[in-house]
Amino acid sequence: MAETTTTPAASDRGDLADVGVTGLAVMGRNLARNIARHGHAVAVHNRTSSRVDELVDEHGDEGDFRPSHSLEDFVASLAKPRRVIIMVKAGKATDAVIDELVPLLEEGDIVVDAGNAHFEDTRRRERDLREHGLHYVGTGVSGGEEGALEGPSIMPGGSRESYDALGPILEDIAVDVDGTPCCTYVGPDGAGHFVKMVHNGIEYADMQLIAEAYDLLRSGLGMEPADIAGVFEDWNSGDLESFLVEITARVLRHTDAQTGKPFVDVVVDQAEQKGTGRWTVQSALDLGIPVTGIAEAVFARALSGAAGQRKAVLDKGLAGPSGVRLEGEDAEGFVDAVRQALYASKVVAYAQGFDQITAASAEYGWGVDRGMMATIWRGGCIIRARFLDRIKEAYDADEHLASLLLDDYFASAVDDAQDAWRRVVSAAVRLGIPAPGFSSALAYYDGLRRDRLPASLVQGLRDLFGAHTYRRVDTEGTFHTLWGGDLSEERQDTADQGSHSPH
Ligand code: 6PG
């Protein structure tokens, strides 16, 4: 395995490049430009070589690009240990590039996958390449095309040795917040892509909550999109300050040039998804972590996409309150109540996302530093927000925090918001406005708070129909009641083998 290395000084590397990018679609091209702008010699390659020439023709003056028209020349143009960043579509395309690259590389070289790969694919690839003496780094890069160019949040996994060689360049091109780069070593093998996946899951939840807040103001109060844009602009100067709240105002203020209608009214109301939110929920189910906010966001997108079923329901006209609006006293202060409900629901969604990172870190032995994840999400990424400073403070204050909701600041903020939160969920139910994000977050909060849950009845039912046993509150061990006999209770074993969630 490679010795601990650092980026060779320009004089040491001769005329070889510090790092290479293969895959020059917009994200790859912008990442290469970002690297070049920071003074690193960057080798560039693309399967369609015209893209290489276009990049150099259009942006060659931004820095030291080393164009290649073949993978062999590309690899040969790199200083050792070679650092190759792959920016191609997740899945088979990534495997195809890796298969072409590996024979050209030497022990200690580093292959970086900066796409949205599934973390299990990254774990597999990291194992495979390690057998060839190569480092494989799955890294999340968040911030979209603009972020890749101007400064993303970067979440690299892989071996510590690879980060020693790669980290300085990645920290150089990541955005800085308070002088701290939004990039840090996340942990081994798939840790980086896992954290990026959860980032995207939280992004889904965040966007769903914003959409529900918009719908409550639009359908509940009859406000126009431009006025709701003003509300989001106001909210963006307070605790809800964030990239997503900021761009919500921009989208809602936008008027469609062709029709003169609000842009949001000419967009088909069926949300699509590339899959990272879905992966987050699938992983959470395996880990036993209730990411209800992210799950409701994924399912809300699926429901919105069920065009045929929705049309059948509209044609039949399923009964429910519709066209009703809040008036008079009911409408008084409702805008601010929605703001408070949005904030409280957002705390729940982030708390759940960090719980999932905690559980995965324990499951896979990654040692992920949650405070550092909040730190590198403060800028560059899609969920960047003032809020993340608070999350960083919470984990800095208590690295073993059992839930973000237990942090004094968040516990107090949610308590202050809960009357409004309950009012908004109640109003949504009365008005027939779907608010699965707000209501599931409140249900999660109430579930977490309860000293006794109805799960005791679930255990009793499972024992009756399936003899699945249960534990008692007053005695160790597991038990089964003879429901078909004399209702006596049998002890099944003395070991506490109840199947609990892993955290
Ligand atoms: C980011 C974004 C990026 C991508 C989303 C879109 O962090 O820069 O999250 O990864 O735009 O994954 O995902 P959906 O199409 O699933 O909404």
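Two strands pair if DSSP finds at least two bridges between them. Helices (H or I, at least four residues) and strands (E, at least two) are DSSP runs, numbered from the N terminus. The model shown is predicted: local features need pLDDT of at least 70, side-chain atom pairs count only at pLDDT 80 or more, and totals for chains, interfaces and linings use all residues. Residues are numbered from 1 along each chain as its sequence is written, and side-chain values use heavy atoms, with hydrogens and water left out.

**View 1. Strand 10 and strand 11 form a hairpin.**
Six residues lie between the two strands. In the turn, Gly477 has a positive phi of about 105°. Strand 10 covers residues 470-471 and runs antiparallel to strand 11, with two bridges joining them. Tyr470 has Phe479 as its bridge partner in strand 11. Arg471 has Thr478 as its bridge partner there.

**View 2. Three strands form an open sheet in the order 10-11-12.**
The pairing is antiparallel. Strand 10 and strand 12 stand at the edges with a single partner strand each, so one side of each has no neighbour in the sheet. Strand 12 spans residues 489-493 and pairs with strand 11 over four bridges. Asp493 of strand 12 is the bridge partner of Thr478. Strands of a sheet pair through backbone hydrogen bonds, either parallel or antiparallel.

**View 3. Both faces of strand 11 are covered.**
In a regular strand the side chains alternate between the two faces of the sheet. Strand 11 covers residues 478-481. Thr478 and His480 lie on one side, Phe479 and Thr481 on the other. All four are buried (under 20% relative accessible area; exposed is over 50%, partly exposed in between; 1.4 Å probe, protein chains only).

**View 4. Seven strands form an open sheet in the order 3-2-1-4-5-6-7.**
The pairing is mixed. Strand 3 (65-67) and strand 7 (153-156) are the edge strands, and each pairs on one side only. From one strand to the next, the twist averages 25°. Strand 5 (residues 110-113) and strand 6 (residues 135-142) run parallel, joined by four bridges. Asp113 has Gly138 as its bridge partner in strand 6.

Axes are lines fitted to C-alpha atoms, for helices over the stretch in contact, and angles run from 0 to 180 degrees between N-to-C directions.

**View 5. Helix 9 and helix 14 cross at roughly 70°.**
Helix 9 contributes Gly201, Ile202, Tyr204, Ala205, Met207 and Gln208 to the contact. Helix 14 contributes Gly293, Ile294, Ala297, Val298, Ala300 and Arg301. Contact means heavy atoms within 4.5 Å.

**View 6. Gln208 lies in helix 9.**
Gln208 has 15% relative accessibility, so this residue counts as buried. Gln208 touches Ala297, Ala300 and Pro436, not counting residues up to four places away in sequence.
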